[in-house]
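Good morning, and thank you for joining. Please keep the sequence and the structure in view while I speak.

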Amino acid sequence: MTFTKIPVRQNIESIRPYVSGKPIEEVQRELGLETIVKLASNENPFGYSPLAKEAMLAEMEQTSFYPEGMAPALAEKLARKLKINKDHIILGNGSDEVIRLLTRTYIQQNDEVIMADVTFPRYETNVLIDGGTPVKIPLINGVHDLQGMYEAITEKTRMIFVCNPNNPTGTIVQKEKLRSFIEKVPKHILLIVDEAYYEYVDDAEYLETLPLLKMHSNLVILRTFSKIYGLAALRIGYGLMDASIIQELVKVKEPFNTNRLAQAAAFASLDDHPFVENCVRKNEEGRRYLENELSKMGLTFFPSHANFLMVKLNQPGRDIFEKLLIQGVIIRSGHLLGYENTIRVTIGTPLENERFIASLQHIINKTSGA
Ligand SMILES: Cc1ncc(COP(=O)(O)O)c(C=O)c1O
């Protein structure tokens, strides 16, 4: 049989597939290790609410029926919690899907989309798939350069992404800077503030964007059940925005984009305040522990407000990643995230954090001949 390459859309040719954090199962298979610690994808190391498990088990009975496409019960509950109208909420197959819906709906060939360099890579990929041009503005000390992003606006700008806290650096933008940015950006440009790690942030400098939705018809806020609620595998997140934008996104979305188990688990999770509070507190303790131990090793890191830390090294992050992997600790090498000499580590349980620190210490001692 002769192989004939079927032409691919031009936009797709240059795109590289997303490289996710290495799954535990893959490392077990490859290295034959029993106990693996995965601190690579900013998942919740404390699992998920028992209320969500109960709800999923009950919902399993309905598996042969399609779910409700707009997840109305969940949307209503979120609307009550957030004190906004249900018409301003769209549920997605992860907030990943809401990003995709936004670019698919609004980006045309050669439209420009402004984002930080570096930030969550799915913005760039989706823009490229849809034929747009990413305009990447370097971070300043790991923080979005909102002034630089504002100055990058041209008549071709269609969309701007602000990731707050930013993945991979964990930094937040200053409250008043973000407020005035939201006020200044022209209303025909969609301004997307990605708050995937919203629940983890405890800082007076963090802007509550939700009350601004009413005044700014171009503002979109993204949140997710994948992080603090620990439902990453179920794929459920949401976008908050003007109802007129949602009416357009709905035309593009798959009819049954969020499944029954995800809807039920997310619905029940919203009632488990002690679970959320406990995760926030443990994350805070874990972050302090890691920061202390890393500082003792003479290492520095970006000031994180999320459930991960980006650690600066004086050697390629890839080397440390590979050495940690051999010891059964999976983290992310900065070279895949735009910062060569860094690693990004998710804040784990106390035991996982200790194992990461012990392994890193061992590697650094060996490298320095100590
Ligand atoms: C900043 C940011 N946005 C969005 C997502 C996507 O989350 P999900 O699709 O699981 O809701 C992630 C996941 O890591 C993220 O870090």
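Let me begin with a convention: angles under 35 degrees count as roughly parallel, over 145 as roughly antiparallel, 65 to 115 as roughly perpendicular and the rest as oblique. This is a predicted model, in which local features need pLDDT of at least 70 and side-chain atom pairs count only at pLDDT 80 or more, while totals for chains, interfaces and linings use all residues. Residues are numbered from 1 along each chain as its sequence is written, and side-chain values use heavy atoms, with hydrogens and water left out.

I turn to a helix pair. Helix H5, residues 95-106, packs against helix H9, residues 243-252, at an angle of about 95°, and their axes are 9 Å apart. H5 and H9 are therefore roughly perpendicular to each other. The axes are lines fitted to C-alpha atoms over the stretch in contact, and angles run from 0 to 180 degrees between N-to-C directions. Helices (H or I, at least four residues) and strands (E, at least two) are DSSP runs, numbered from the N terminus.

Which residues in H5 meet H9? They are Leu101, Leu102, Arg104, Thr105 and Tyr106, and in H9 their partners are Ile245, Glu248, Leu249 and Val252. Contact here means heavy atoms within 4.5 Å.

Next, the ligand. A polar side-chain atom of Asp194 lies 2.6 Å from a ligand nitrogen atom. For Tyr197, a side-chain N or O atom is 2.7 Å from an oxygen atom of the ligand. A polar side-chain atom of Arg235 also lies 2.7 Å from a ligand oxygen atom. Taken alone, the ligand exposes 400 Å², of which the protein buries 93%; the areas come from the Shrake-Rupley method with a 1.4 Å probe.

Finally, some backbone details. The peptide bond from Asp117 to Val118 is cis, with omega near 20°, and Val118 sits in the loop between strand E3 (112-117) and helix H6 (121-129). Asp117 is also touched by Pro138, as is Asp145, leaving aside residues up to four places away in sequence. Pro138 itself lies in strand E4, residues 133-138.

A cis peptide bond also joins Asn164 and Pro165, with omega about 0°. Where is Pro165 found? Its place is the loop between strand E5 (157-163) and helix H8 (175-184).

Conventions. Polar contact = N/O pair within 3.5 Å; in protein donor to acceptor, adjacent residues only side chain to side chain.
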